[in-house]
Amino acid sequence: MSRRSQWKQVANGMLGDVSKARSVEERENVPEKACGFCKNFSENAYASDGRGYCRKLKVGSDIKVTPPVYVMEGQASLTVLFNSDGAGCEYFNRQDLIDTDGNEVNDPSYRRVQRQMEKAIK
Amino acid sequence: MKCTECSHEAGVSSFRYLYNARIDAPITLRQCPQCQAWLAVDEMAGEARQRVDAGEAPWGKSAGIEGLAEDAR
Amino acid sequence: MSTCAECRSFFLREDEPGQGDCVRRVVDPRQAFYQSKPVREDNDASGCESFQKK
Amino acid sequence: MVAEPAQDQSVQELEDKQEWWWVAEKKRSKRLDYLRKSVWKKGALGGNYAPGIKLDLECATLFTDMWKFWKYDPIMMRRAKAIAHVLDNKTIFITDHSQLVGYFGSLPNTIMWRVDGASMVNEEAYNEPGIMPEPENESLQKVAELNDYWAGQTAVDKVARILDPEDAVKFLSGAIGWGAPSSAYGYSGKDYEYLFAGRRGFEDIIEEINAAVENAEDKTVGVPGPEILDIYDRLQNWDAMILVLEAGIRHARRYARLARTMAENMETDEKRREELLKIAETCERVPARAPRNLQESLQYDHFIQIFARTEAHEGAWPARPDYYHGPYYDKDVNVDKTLTKEEALDLVGEFMIRAYEVGGFAPRWAREGLQGITGTWVWTLGGVNKDGSDACNDLTVAFLQAARLVRVSNPTFGFRWHPKVKDEVLRECFECIRHGLGYPSMRNDPLLIQNAMHWHGHPLEEARTWVHQACMSPCPTTKHGVQPMRMASATANCAKMVEYALHNGYDHVVGMQMGPETGDAAKFHDFEELFQAWVKQMEWLTSLLVRTVNLGRYKDPEFFGRPFLSGMSERSVESGLDVVSPVGDRGNCWVTAFTWVENIDSLAAVKKLVFDDKKYTMEQLLSALKANWDGYEEMRLDFVNNAPKWGNDDDYVDDIMLRCLRETARHSRVMKCPSGNSWPILPENVSGNIHYASIVGALPNGRRCGDALYDGGISPGPGLDKKGPSAVLKSCGKIDHVSDGRAFLLNQRLSPTQLAGEKGYQLWKAYIRTWADLGLDHVQFNMVSDETLRAAQKDPEKYSEVIVRVAGYSAHFVDISRKTQDNIIQRTVQGI
Amino acid sequence: MGNACLITEIQRFAINDGPGFRTNVFLKGCPLKCAWCHNPETIDAKAQIYWKKRLCVQCGACMEACPTEAIQPPIDPVLAQSEGVDYYKIDLARCNHSMQCAAVCPYGALEITGKLLTVKEILDEVESDLPFYKNSGGGMTLSGGEPTAHPDFAEKLLAGAKARGLHTCLDTNGYCSWEVLEKLLAYTDIVLFDLKHTDPEKHKQWTGVDNALIMKNLARLTQTGVEIWVRIPVVPGFNDSIEDHKAAVEFLNGLPGKIRRVDLLPYHNWCQDKYGWLGLDWPLGRVEAMEPSLLEIPKEFYEMSGLKTTIGGSGFEEAN
């Protein structure tokens, strides 16, 4: 894969899907095993709208298909959303959420997108 | 390391690291993963010294460095 | 049907026929102010909560 | 709500206790008191908006409706029509007791939403709890619809699509840079020389445009040829400018109408009725025609700011109010005597409050990096005239006095100090600092003028018109000097340079290969190898950001378009080009260097303890860093305490600072902006040191991932400047503030008790003279005691008005996150 | 002798010890034992060890390193730090000042005070604040301890400073032979002269020495024409009564020559940590610091008698 096409794939994960039209339901829905509840989720420092990285899986992985595709080696991380469904991912590792009020400043390993999280923890 | 509040025991690094009271002192603030209390930790000894008051400010989550490491100048 | 022209908050514009300003006093938790919004005189005001007959 | 002061205490008692916020409350007029307390604070508390602040859906909807309707128009025209629609139809308001009007949202408590800027930001708006107007469900539905419509066609979406995908991913990781590469979120300078010095109103500008159009049309109906082809586009742009300027005039007249309606139908108080009629008269005059008095002049300026912000989310507020409004103050107060000093002070105070009120929705990274404020409204005071004579006037003094009465955290002032500043003016500056405002920051005028000439080739007379374009960087307010679009995205998280040099370009926090592979640091034999790796990372990081910004600027007229700002620019009125087009712009770019000094202290620590003393090996150091220093505390303290630190007048580490700066300056001249000019660096932080605390990994200066970074610019690490303020200034003075970079931020905390009374002023004055002699370009002060700050942490209600200097701006102490508060307290108090 | 001396601190940006911004050089060793001394580490002429108990975690590394077994065995750190405890890390009677303990302490809890520095080393550091002196009329202040206790070194240092064009202040208690003082005057622009008490008994009781020599030296000094700032540390129970001030005013106005000004320095106890670090008990430390405003009335009293007087001795009182 050329350098450009490889990075293009990551860029699409960051920009393409997220920017496409989504309904209120799609935005609000938080699956039981959402990626955002996983210890491996790292929220993007640039956007606090729920997009982030998986710290385990690299680009090329796909946890939506069965069986999931896991790519562990590579230059760039897999981009996922807070409310991507991680049910099928064998690396899902739930963590206790703290600092759920969003007042504290950035800590990407712990900060999660506010609205969905507040709904989910209630 | 042992939490002074709930006695949860685990390695220092499994206590969530918050920040240093002062960069030039061995006291840091960490959070107990079990009871979420904020602890002043002696990094040299790997021991939790005391619970740290999180303050009353509504956004004052990472509070409580008052008096810690005050003579570490 | 009641129209904006019949409301106490309506002030007809001299320079634009049929146009007016809806001017109301508002007191929010911090400050008091007058607000203005352009409306047409024949605007349907039946759904307007602030409607007050002249 | 502001807590009540102790009513039984006299001003003198409060002054003795240095409770300046209560002093201000007692001293200011009833009008200012009302206006100051009634204003809605738009800056976020730490990360979240204050209760009651709502997203402005009205303007976003109006804008989108018209944008959809005119979908076949060229972008400038389409935007102009959408803006005009907003200005003609949004709700406007006049607050009780106010004399100046204009807000860019529809109600006092709303934050404007730049819906066409970036779909990422739009998604954040959707996700932000608490800011949806009631009923929430309906608002959410509305926001979702707007987001769906704008997804993929906002300005930043368009730029991101054409960026190199590797650059895009790395930039958007948030690890290395900040800001957005579009004038949708820029800092626009204003051509004040054209507007104010030129005494032009919008009608005058429209006339000039019409003349230009006539001239151009002669060609488009004349001899065919390639040279006339781009005139067709320019004609569209000119039309767009006129359209939006006319909308501005109409918008002001809506206020005039409202004020008259209030005066004639509602107001019973005779005095207030007169004021309302004065407002009406003012808004009938400006912006259509040039102002005739102080109120008109201030109102004109405010309208310009509001319209520019209706067009784009401007993150800064470059202004030089004493210089441009001074003649009107002089005329009204000193010559015609139509205003008393007190009345003028009310206007000036309200002018600041109206700016304080302005705030748009900002994404979380921006709120975290600019805690407590909505943008860097740094207004420029003092300085020199074009002929080099002292430009300070009575209005300079009035602004400094008004600042102490209204005590807002935004705008703040940067004062252009020069040797000819009169003692009475300098005393006013000092009073502001002594009252704990944290501003004005002091800027070294002769030096910065020289700097502007050195880096960007501004001619002397133009360089002398400079204003702060954001927190720090000077920019002329002239036809070719003014920079219409400075993008924050050339803001580098510099600590990553040394982090990547140590980890072969790999980012352990983000989990990506970010920088170039500069070699396994464990195998470095000497300091030179490490330093060369650092140089490569520095070049890579700054180049990536500059590429992004350059492309954003180049494509902005195509992707965004600024008809209003173009109408404010002599260059655009003359040429018919979008003002953001680099053509005819001399260039005034800079790379903001966040978290810079970490590089210096880290490199010095490695040099000393690994390569010179050989106390540790590189392997040991890398293991400790990988473990985030966990289990290596003794070694960590060694790296903190036994390695030389910047700011102690120690050549060992100061020389490393100079080497790093000079390598960067060399690279600055290689990188070019779209106008072909250089990209010098400018170390400063705002509160990015907190935002980046968890994004920068462990470093050899002894910090762990999670610790606040240093407070920025060239300020030494908090508590690490052990030799006192003179050593700090000496270290900083080794930097060539002309050729090593664009400007250098320095924070100092001074002890309030030492600066009490006349002797305090004398001490400060001697300090400032020395600061200037040593050739520094900037210094700003925090002068609030630890005790007060600690008390404010415990009892925020009671201390809600305490202001502190963060970095490059001031904020109310209670509005910033606890981590930032602690970081400020830890800054060494100097001068005890 | 005289080329190097033990220095406890070179304090830059000092603003209360002579005009303008100054660099204070603190020499170690003083013949007086003032009960209120604010710099107890400067009394002893030898290098000493600070033990900062709040930094000490009782790891025991110092005990292993000490060649004379002068280190107390570790106890519970909480106990060691508790109020009123008499535990002190070093058995001062056995300590031979090998400084091994300070060298090995990983916590920085043991620290040496007193560093041997040469005239050149000191002046190089002092000179680095030249731009500050230039803008404020500042310079070097030689302090202590007692500079006149090191006559040769003090002379070389002051002479060296003058040779480099620096303004100099000599901060002295006046307890030395006239010859020493005279020798130093040649290189001194301003003498900061401590006046503690006019009563010989009380003086002896609180400082350990008689004041006759001091008062004689001050009188003689006023005849030389050198600029003199008399500094009175006002200590509760010692010299803060109106009678004490009256006596001081009388004495000062009875001097054969003029003094430039009087600085009333309110007593404070901020230095009590240092006593603790040295293992010394400091009875006066329990006396609360004096509010500077309490000296407003005495100040007026001095001024009414024609003496220009300040509280706190700021170097910027007379700046322009």
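This report walks through strands, cores and a helix pair in a predicted model.

**Chain E**

UniProt, in an unreviewed entry, places the feature "domain: Radical SAM core" at residues 16-308 of chain E. That span is 34% helix and 16% strand. The C-alpha atoms at its ends lie 16 Å apart.

Strand β1 of chain E covers residues 4-14. This strand is mostly covered: eight of its eleven residues are buried. β1(E) is joined to β5(E) and also to β2(E). Strands of a sheet pair through backbone hydrogen bonds, either parallel or antiparallel. The table lists the pairing of β1(E) with each partner.

| Partner of β1(E) | Residues | Bridges | Sense |
|---|---|---|---|
| β5(E) | 115-118 | four | antiparallel |
| β2(E) | 22-27 | five | antiparallel |

Some individual partners can be named. Ala4(E) has Thr118(E) as its bridge partner in β5(E). In β2(E), Leu27(E) stands opposite Ile7(E).

**Nonpolar cores**

In soluble globular proteins, nonpolar side chains tend to be buried together. Here the largest nonpolar core has 298 residues. Those with the most contacts inside it include Phe202(D), Met352(D), Trp379(D) and Trp764(D). Helix α12 of chain D, residues 231-266, gives the most to this core: 17 residues.

Leaving out residues up to four places away in sequence, Trp379(D) touches Trp317(D), Phe351(D), Met352(D), Phe399(D) and Phe413(D), among others.

**A helix pair in chain D**

Helix α5(D), residues 75-89, packs against α12(D). Their axes are 9 Å apart, at an angle of about 5 degrees. Angles under 35 degrees count as roughly parallel, so α5(D) is roughly parallel to α12(D). Which residues of α5(D) meet α12(D)? Among them are Met76(D), Ala80(D), Ile83(D), Ala84(D) and Leu87(D). On the α12(D) side, the residues met include Ala240(D), Leu243(D), Val244(D), Ala247(D) and His251(D).

**A sheet in chain A**

Chain A holds an open sheet of three strands, in the order β1-β2-β3. The pairing is antiparallel. β1 (41-43) and β3 (77-81) of chain A are the edge strands, each pairing on one side only. Ignoring direction, neighbouring strands of this sheet are turned by 35 degrees against each other on average. Four bridges link β3(A) to β2(A), which spans residues 51-58. Across this pairing, Lys58(A) stands opposite Ser77(A) in β3(A).

Technical notes. Residues are numbered from 1 along each chain as its sequence is written. Chains are lettered from A and ligands numbered from 1 in the order in which they are written. This is a predicted model: local features need pLDDT of at least 70, side-chain atom pairs count only at pLDDT 80 or more; totals for chains, interfaces and linings use all residues. Side-chain values use heavy atoms; hydrogens and water are left out. UniProt positions are given in the numbering used here, feature names are shortened, and annotations may be inferred rather than shown by experiment. Helices (H or I, at least four residues) and strands (E, at least two) are DSSP runs, numbered from the N terminus. Buried means under 20% relative accessible area, exposed over 50%, partly exposed in between (1.4 Å probe, protein chains only). Two strands pair if DSSP finds at least two bridges between them. A nonpolar core is a set of buried Ala, Val, Leu, Ile, Met, Phe, Trp, Tyr and Cys residues joined through side-chain atoms within 4.5 Å. Contact means heavy atoms within 4.5 Å. Axes are lines fitted to C-alpha atoms, for helices over the stretch in contact, and angles run from 0 to 180 degrees between N-to-C directions. Angles under 35 degrees count as roughly parallel, over 145 as roughly antiparallel, 65 to 115 as roughly perpendicular and the rest as oblique.
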